[in-house]
Amino acid sequence: MNKNMLIIFTITLLFIGLIGCGNTRTEVKQSSQIELDAQKIVSINLIEKDQPVTTISEASSLERFVQAITTAEYDKGQLDIAPSDYRTTVNMKDGISYEFSFWIVGNNSGLLIKSGQMGHYRLSDISKKDLLDLFQSTVKEVKNSPADTTNPQPPNVQVTVGGEQFDAIQGSYCWNDNGKGVCVDMASYDQLVTKQKVHPKAISRDQVELKFSSAPKEIEVVASFPGEERPDEALSVENNSFQLAAGSGKHLYIIQARWPQGSASYVFEVECSVSKE
């Protein structure tokens, strides 16, 4: 009886071992395939060697990228070759990101590596060609687009006072336009106003007209009095117009304006007098 039990126990262990080996083979097969859903991707950051980062975000381009890399064949061998032609960071909607490196230029046979994973992947000739076309066209489009060569800027403000017309000096701002955002801190208002080329003279309580290249949602104006023991004074603005503060001397006028795209400050100086000379 004990001998029969030993035989049964041995057969059971062998059976469990076979099942375990079968599961291991299945897991290796699954881990060797890149799984990625284009609809869950927010954007792809693309770098061509040491060039600035460009972004891929169009749905059709994301689909092309995913189609190419998910059909690549896994190879557990390690590569010892030159630096990659392109690198990408795939940004997902859940906050996770994946990094890939590509060798797809010239005589390279079409290889990619997924960061953090052993081995590499081999691209088909069709996938290699499509990826190279996608990457090159994206980089070319960005290089040829003048909108991407400068940071987004808030609107200009034209000031009319004392018979003079000039642009207010732009101060600090935060602005977001066409998917690109930037915040810039400028010098103090006292320093900024030294750039003002027109120096108007006016009578206190004269009217000031502001003309924005794009109408803001909100406007606030504050008068400041450098060198005087006098607190800043908030002024009432109506229809982009306000009255100069009372008193003589050099007054700084600080404008704070807000748009859906962001906010910006401006400054200008007026030499005020209490009566006509």
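User: First up, which strand does Glu-233 lie in?

Analyst: Glu-233 sits in strand β15, which covers residues 233–235. Keep in mind that this is a predicted model.

User: And is Glu-233 buried, partly exposed or exposed?

Analyst: Partly exposed, because its relative accessibility is 24%, and the cut-off for buried is under 20%.

User: What is Glu-233 in contact with, leaving aside neighbours within four places in sequence?

Analyst: Val-221, Val-222, Ala-223, Phe-225 and Ala-245. Take Ala-223: Glu-233 and Ala-223 are ten residues apart in sequence, and their C-alpha atoms are 5.1 Å apart in space.

User: Which side chain makes a polar contact with that of Glu-233?

Analyst: That of Arg-230, at 3.4 Å.

User: Switching to Lys-217. Where does that one lie?

Analyst: In the loop between β13 and β14. Lys-217 counts as exposed, since its relative accessibility is 65%.

User: What does Lys-217 touch beyond its neighbours within four places in sequence?

Analyst: Arg-258, Trp-259 and Pro-260. There's also a C-alpha to C-alpha distance of 9.8 Å between Lys-217 and Ser-263, which are 46 residues apart in sequence.

User: OK, Ser-265 now: buried or exposed?

Analyst: Buried, because its relative accessibility is 3%. Ser-265 is placed in strand β18. Setting aside neighbours within four places in sequence, its contacts are Ile-169, Gln-170, Gly-171, Ser-172, Tyr-189, Ile-255 and Gln-256.

User: How many residues are in the largest nonpolar core?

Analyst: It has 28 residues, and Leu-210, Tyr-253, Tyr-266 and Phe-268 have the most contacts inside it. Strands that each supply at least two residues of this core include β8 (157–161), β10 (169–177) and β13 (207–212). The list also has β14 (218–224), β17 (249–259) and β18 (262–273).

User: Which element gives the largest share of this core?

Analyst: β18, with five residues. Apart from this core lies another one of 27 residues, among them Ile-69, Met-92, Leu-123 and Phe-135. As background, nonpolar side chains in soluble globular proteins tend to be buried together.

User: Ile-69 makes me think of α2. Which residues of α2 are buried?

Analyst: Ser-61, Leu-62, Phe-65, Val-66, Ala-68, Ile-69 and Thr-70. In general, an α-helix has 3.6 residues a turn, so residues three or four places apart point the same way.

User: On to sheets. What is the strand order in the open sheet of seven strands?

Analyst: The order is β2-β1-β4-β5-β6-β7-β3, and the pairing is antiparallel. β2 (54–56) and β3 (73–75) are the edge strands, each pairing on one side only. From one strand to the next, the twist averages 30 degrees.

User: How many bridges pair β4 with β5?

Analyst: Six, between β4 (residues 86–92) and β5 (residues 97–103), in the antiparallel sense. Asn-91 stands opposite Ser-97 in β5. The hairpin of β4 and β5 has four residues between the strands, and there Gly-95 takes a positive phi near 95 degrees.

User: What about β5 and β6, how many bridges there?

Analyst: Four, with β5 and β6 (residues 111–114) running antiparallel. Trp-103 stands opposite Leu-111 in β6. Over at β3, the partner is β7 (residues 120–122), antiparallel over three bridges. Asp-75 has His-120 in β7 as its bridge partner.

Technical notes: Residues are numbered from 1 along each chain as its sequence is written. This is a predicted model: local features need pLDDT of at least 70, side-chain atom pairs count only at pLDDT 80 or more; totals for chains, interfaces and linings use all residues. Side-chain values use heavy atoms; hydrogens and water are left out. Buried means under 20% relative accessible area, exposed over 50%, partly exposed in between (1.4 Å probe, protein chains only). Contact means heavy atoms within 4.5 Å. A polar contact is a pair of N or O atoms within 3.5 Å; within protein, one must be able to donate a hydrogen and the other to accept it, and residues adjacent in sequence count only if both atoms are side-chain atoms. A nonpolar core is a set of buried Ala, Val, Leu, Ile, Met, Phe, Trp, Tyr and Cys residues joined through side-chain atoms within 4.5 Å. Two strands pair if DSSP finds at least two bridges between them. Axes are lines fitted to C-alpha atoms, for helices over the stretch in contact, and angles run from 0 to 180 degrees between N-to-C directions.
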